[in-house]
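Here is a friendly tour of one protein model, written for someone who likes to think in contacts and angles. Please keep the structure open beside the text as you read.

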Amino acid sequence: MEKNIAVIKGDGIGPEIVEEAMKVLDAVAKKYTHKFNYTQILMGGCSIDAYGVPLSDEALEIARNSDSVLLGSIGGDTSTSPWYKLEPQLRPEAGLLKIRKELGLFANLRPAYLYEELKGACPLKEELTEGGFDMMIMRELTGGLYFGMRSTEVENGELIARDSMSYSEGEIRRIARRGFDIAMKRRKKVTSVDKANVLDTSRLWRKVVEEIAADYPEVEYEHMLVDNAAMQLVKNPKQFDVVLTENMFGDILSDEASMVTGSIGMLSSASLREDKFGMYEPSHGSAPDIAGKNIANPIATILSAAMMLRYSFDMDDEANAIESAVKQILAEGYRTIDIMSDGKTLVGTKECGDLIAARI
Ligand code: NAD
């Protein structure tokens, strides 16, 4: 298979970690006889320096015409970088918001996976995580409270602020369908999270999710109130497979889920739309404090590339090969500095990528 990938290395550690992900993708291409064509585009601070804008129209067009986008991370030190003295719409993050909006990426996926070898970093008690956990938080990204009408006005002599939340059946249907599709590639369980005891949007959410569930008889599904879900994530994380939820609940729950894994350098993510197109990036930022030192952990980006193979290209075996290679180097005791512990072998960014690529 031949695929065209737009590559955004970005700022800070972005170029270093994306380089390693491409190295691993090349190892996959070689073993499984695929061809990945990369077109590099600029976004974030490096694009501001080159073109005066965080994402040029030309770069956006290249991304739009590709099969998927692989992104490192963008942004600099927010207190010292001159990029943060610019108007908000010209700052690095504006490029990210623009590409998500322009490409219609409405579904955000963040896996939270506890590696046996890294369970010491998990802040939960050992008896709660025995045997590990493996969940996928699926968050609606372009609707709900964050995109509703808002206002702050003086009424009766005091300020009153309003935010409004709305969801259409169509918005719910498309994310729910994506969630059930993803569950079919996993352990076939969906937990739909809402606040249906209070909110109308949640009652509609529940109704539409039930309609979609009827098309997936193999998938076990349940509804859970968001307050209970927040509690269950730290009480019994093993019960979850796909957690399907709206924008604000997903924002909060995905951070909670990633914290319980304990290691930021390991967390991948994807933003998808209705077709196979997606943008894949690590959950962490550009880590300017460690940029250029060959010490950043490239695994989150490498695992994001695995997600790209699975969800955009339907290359499940190839994605499994990357995930197994990551597990293997951890089992062999190799660690980057962020996940280092006594008795393990410290490796740099490049060596970590080499080790994973060699195990494909
Ligand atoms: P960060 O995630 O970049 O870093 C937080 C801490 O984690 C730092 O100490 C960093 O060294 C460490 N860290 C992060 N990734 C690591 C890795 N792969 N290996 C080893 N250590 C790692 O968050 P921050 O410092 O708050 O933000 C830095 C910049 O990144 C800011 O400009 C912010 O806006 C931007 N940011 C970008 C994205 C994105 O591109 N999607 C996401 C979050 C933050």
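What follows covers helix packing, the ligand surroundings and one arginine in a loop. Please bear in mind that this is a predicted model.

**Helix packing**

Two packed helices are described by the angle between their axes and the distance between the axes.

| Helix pair | Axis distance | Angle |
|---|---|---|
| Helix 1 (residues 14–32) and helix 10 (residues 299–311) | within 8 Å | roughly 45 degrees |
| Helix 8 (residues 226–235) and helix 9 (residues 247–261) | within 10 Å | roughly 10 degrees |
| Helix 10 and helix 11 (residues 316–331) | 7 Å | about 160 degrees |

Let us start with helix 1 and helix 10, whose axes cross at roughly 45 degrees. The two are therefore oblique to each other, and helix 1 passes helix 10 in a right-handed crossing. On the helix 1 side, the contact is made by Ile 17, Val 18, Glu 20, Ala 21, Val 24, Leu 25 and Val 28. Helix 10 contributes Thr 301, Ile 302, Ala 305, Met 308 and Leu 309. Sorted by class, this contact has 10 nonpolar residues, one polar and one charged.

Helix 10 also packs against helix 11, with an angle of about 160 degrees. Helix 10 and helix 11 are therefore roughly antiparallel to each other, and the crossing here is left-handed. From helix 10, the residues in contact are Ile 299, Ile 302, Leu 303, Ala 306, Leu 309 and Arg 310. Facing them on helix 11 are Asp 316, Glu 318, Ala 319, Asn 320, Ile 322, Glu 323, Val 326 and Ile 329. The class count for this contact is nine nonpolar, one polar and four charged residues. Ile 302 and Leu 309 of helix 10 take part in the contact with helix 1 and also in the contact with helix 11.

The remaining pair in the table is helix 8 and helix 9, which cross at roughly 10 degrees. Helix 8 and helix 9 are therefore roughly parallel to each other. Val 226, Ala 229, Ala 230, Leu 233 and Val 234 of helix 8 meet Phe 249, Leu 253, Glu 256, Ala 257 and Val 260 of helix 9. This contact holds nine nonpolar residues, no polar ones and one charged residue.

**Around the ligand**

How many residues surround the ligand? There are 21, and the closest are Gly 76, Glu 93, Gly 285, Ala 287 and Asn 297. A backbone N or O atom of Gly 76 sits 2.6 Å from a ligand oxygen atom. Asn 297 places a polar backbone atom 2.9 Å from a nitrogen atom of the ligand. Glu 281 uses its side chain instead, with a polar atom 3.1 Å from a ligand nitrogen atom.

**An arginine in a loop**

Where is Arg 273? Arg 273 is in the loop between strand 11 (268–272) and strand 12 (278–282). Its side chain makes a polar contact with the side chain of Asp 275 at 2.8 Å, and also reaches the backbone oxygen of Leu 103 at 3.3 Å. Leaving aside neighbours within four places in sequence, Arg 273 is in contact with Leu 103, Gly 104, Leu 105, Phe 106 and Arg 178. The C-alpha atoms of Arg 273 and Ile 175 are separated by 8.6 Å, although these residues are 98 apart along the chain.

Definitions and conventions. Residues are numbered from 1 along each chain as its sequence is written. This is a predicted model: local features need pLDDT of at least 70, side-chain atom pairs count only at pLDDT 80 or more; totals for chains, interfaces and linings use all residues. Side-chain values use heavy atoms; hydrogens and water are left out. Axes are lines fitted to C-alpha atoms, for helices over the stretch in contact, and angles run from 0 to 180 degrees between N-to-C directions. Helices (H or I, at least four residues) and strands (E, at least two) are DSSP runs, numbered from the N terminus. Angles under 35 degrees count as roughly parallel, over 145 as roughly antiparallel, 65 to 115 as roughly perpendicular and the rest as oblique. A crossing is left-handed if the near helix is turned anticlockwise from the far one by less than a right angle, and right-handed if clockwise. Contact means heavy atoms within 4.5 Å. Ala, Val, Leu, Ile, Met, Phe, Trp, Tyr, Cys and Pro count as nonpolar, Asp, Glu, Lys and Arg as charged, and the others, Gly among them, as polar. A residue is near a molecule or strand if one of its heavy atoms lies within 4 Å of it. A polar contact is a pair of N or O atoms within 3.5 Å; within protein, one must be able to donate a hydrogen and the other to accept it, and residues adjacent in sequence count only if both atoms are side-chain atoms.
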